[in-house]
Amino acid sequence: MEVETKAKLNNQRETQNRSAAWTIEDSERLYHIAGWGEPYFSINAAGNITVTPSGDRGGSLDLYELIVSLKKRNIALPVLIRFPDILADRIDRLHGCMNKAIARYNYPGTYQGVFPIKCNQHKHLVESIVKFGKSYKFGLEAGSKPELAIALASLEPKSQSLLICNGHKDREYIETALLATRLGHDPIVVVEQLEELNLIIDVSAKLGIDPKLGLRAKLSTKGSGRWGNSTGDRAKFGLTIPQILTAVRTLETAGMLNCLQLLHFHLGSQISSISTIKDAIREASQIYVQLAKSGAKMKYLDVGGGLAVDYNGSKTDLAASKNYNMQNYANDIVAEVKEACEEKEVAAPVLISESGRAIAAHQSVLIFDVLSTDDVPRLPPEPIEAKEHLIIRNLWETYRALEADNCQESYHDAIQFKEEAISLFSFGYLNLTELARAEQLYWAICSKITDLIGSPLAEQSRDYLPDDLKDLEQIMASIYYVNFSVFKSAPDAWAIDQMFPIVPIHRLNSQPDKKGILADLTCDSDGKIDRFIDLRGTKSVLELHRANPTQQPYYLGMFLVGAYQEIMGNLHNLFGNTNVVHVKMTPKGYEIEYLLQGDTIKEVLSRVQYDAKDLVEIVRCLTERALREKQITLEESQLLLQNYDRSLSSYTYIL
Ligand SMILES: *Cc1c(COP(=O)(O)O)cnc(C)c1O
């Protein structure tokens, strides 16, 4: 006994020492913050995440303190924080890189990008983009009629910003796009399907407007990764080479070949490998020069989207990363296009890109709190009694003999013994207490193995771990119940296994002593996050701190969620939009520039055709009936009605 207590004390002391030695640099390495966060996110001396929205050109704020002050303002979690200064910085950066490349290669043309609205359609965001992009003549790209409606009302007439009109088009779309020229806009209608061409020729003749036209090419360069099949012969979008030639002839016959000014392609989103981008630009440049030679008044080459975001910070061609930076991307586009045009003596085009993800991802951070945690039992087993069942003695022996170099074998034995115990139980040879003993020993073995295979920082060792022991890490993981819905706030994490960096926004000066997975609020087993960023790909558990949320809140941030997540999020389990705040830096600190209250229960119910007043009335009638039948007291009925009524006006998340 005494020996054991001593060992325990030693152990405790060791943990404390380790904890004391833990620095913010350790956290920085553990969560790869510089990799995905630079220059916007880092850790300050207090161990909190700091946000530096304009990079090294501006001030910073403490994200944890911001959350504390938002809570004092009665803004509940989960909350999505947008940093418009980050958005401005992304736009500046993109233009900086393109212009630097243009200068470096002496490119005779210019760059004039557009923002694809589908990436994030929210009004304040689109307005900010238009505002920040004005001096660059940064335009908008619409992929549908509703997005065209946004673009028409958002761009400033005569600003010379482009309005790229992509997507399926009917007569109404085309008429609206063409008439937009009368308002002083500069729309370019991109033909994605041959059928659209006849419609465009017809509308143009009727309105007497010569449109600027583009063709979307279906490149043979295969994109890679998740969206890889946005190109290739059977891709959903664009014209094949024979179709492009047909389009040229059709325009020629209609006397409109001079309207054809743009070539467009889009490789898909999050292109991780620079070689794919290079191949595509090379192929598209050749099509461009050929079109120019064929008599079209070619002026623009639109390279679409695809500029990737390094979600895991590994700078590799893993799906969650990219093996190039924005400057490499700009250089390759400019250099390849220049070379192709020079060789064929064609005037260099105005370069257009449609980067969505790379512009919008960084500016949004979702902050949510941990509601509770659930650990697997880690109690050391009580010593064995001689007369216990053989299976229990076997488990005990496995536990006792367990050492670093027999982990794998012991683990297999433990699994086998546990399964045997369950079947013995099923046939009536073990009683409930004995089965409980067996399970307890099994967990004790698992937890001893986990302790033996290393601390959170022993990442090296993970490389050499056999797969089954890696599974063990996940089996032993704590479950952190968190206050948000994956389906609402990070739908791509569920739908396509996309990864977003997730990091505690405070306590980073102490060692995260647990490994966990996140379980969201929905009653859906898919509503969890159990894949996390890792330099080598993914890891199945996240290092987290011991949390006791009833005493001290524990806040996590999910970063880089500004692209696609908000609009793709759904109402599963009727968790609605989260609160959104825009935080703008000021010379003296920051201000909450804008608050968008999240949905109330009433609001999400109305989306599924329930009227709050009707519901209250129905429940009131039910209480009256229960009163008549003496099933409820008047006080109880009032309490019920008040709660019911109040909750309809409250947030859909846990308060
Ligand atoms: C989705 C899309 C984009 C944006 O792609 P990102 O990878 O977000 O930059 C650009 N152009 C078109 C045609 C698209 O469909």
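## The surroundings of Thr522

Leaving aside residues up to four places away in sequence, Thr522 touches Ser485, Phe487, Gly527, His572, Asn573 and Phe575, where contact means heavy atoms within 4.5 Å. Thr522 is found in the loop between β16 (514–519) and β17 (528–529); helices (H or I, at least four residues) and strands (E, at least two) are DSSP runs, numbered from the N terminus. Thr522 counts as buried because its relative accessibility is 8%, the classes being buried under 20% relative accessible area, exposed over 50% and partly exposed in between (1.4 Å probe, protein chains only). The side chain of Thr522 also makes a polar contact of 2.8 Å with the side chain of Asp520. A polar contact is a pair of N or O atoms within 3.5 Å; within protein, one must be able to donate a hydrogen and the other to accept it, and residues adjacent in sequence count only if both atoms are side-chain atoms.

## Basis of the description

This is a predicted model, in which local features need pLDDT of at least 70 and side-chain atom pairs count only at pLDDT 80 or more, whereas totals for chains, interfaces and linings use all residues. Residues are numbered from 1 along each chain as its sequence is written, and side-chain values use heavy atoms, with hydrogens and water left out.

## The ligand site

Of the 16 residues around the ligand, Lys118, Ser269, Glu354, Gly356 and Tyr564 come nearest, a residue being near if one of its heavy atoms lies within 4 Å. The shell divides into two nonpolar, nine polar and five charged residues; Ala, Val, Leu, Ile, Met, Phe, Trp, Tyr, Cys and Pro count as nonpolar, Asp, Glu, Lys and Arg as charged, and the others, Gly among them, as polar.

A side-chain N or O atom of Glu354 is 2.5 Å from a nitrogen atom of the ligand, while a backbone N or O atom of Gly356 lies 2.7 Å from a ligand oxygen atom. A polar backbone atom of Arg357 is 2.9 Å from an oxygen atom of the ligand. The protein buries 92% of the 390 Å² that the ligand exposes when taken alone, as given by the Shrake-Rupley method with a 1.4 Å probe; for residues, only the protein chains shown count as cover.

## Strand pairing

Strand β9 (residues 212–216) is largely enclosed by the rest of the structure, because five of its five residues are buried. Lys212, Gly214 and Arg216 lie on one side of β9 and Leu213 and Leu215 on the other, and both faces are covered. Strand β8 (residues 186–191) runs parallel to β9 and is joined to it by four bridges, with Val190 having Gly214 as its bridge partner; two strands pair if DSSP finds at least two bridges between them.

An open sheet of three strands has the order β1-β2-β3 with antiparallel pairing. Its edge strands, β1 (41–43) and β3 (61–62), each pair on one side only. Strand β2 (residues 49–51) is linked to β3 over two bridges, and Val51 stands opposite Leu61.

Gln160 lies in the loop between α7 (145–154) and β7 (162–165), and a polar contact of 3.2 Å joins its side chain to that of Lys137. Lys137, in the loop between α6 (123–133) and β6 (139–142), has a positive phi near 55° although it is not a glycine, and is partly exposed at a relative accessible area of 35%.

A cis peptide bond joins Glu38 and Pro39, with omega about -5°, and the peptide bond from Leu77 to Pro78 is cis with omega near -5°.
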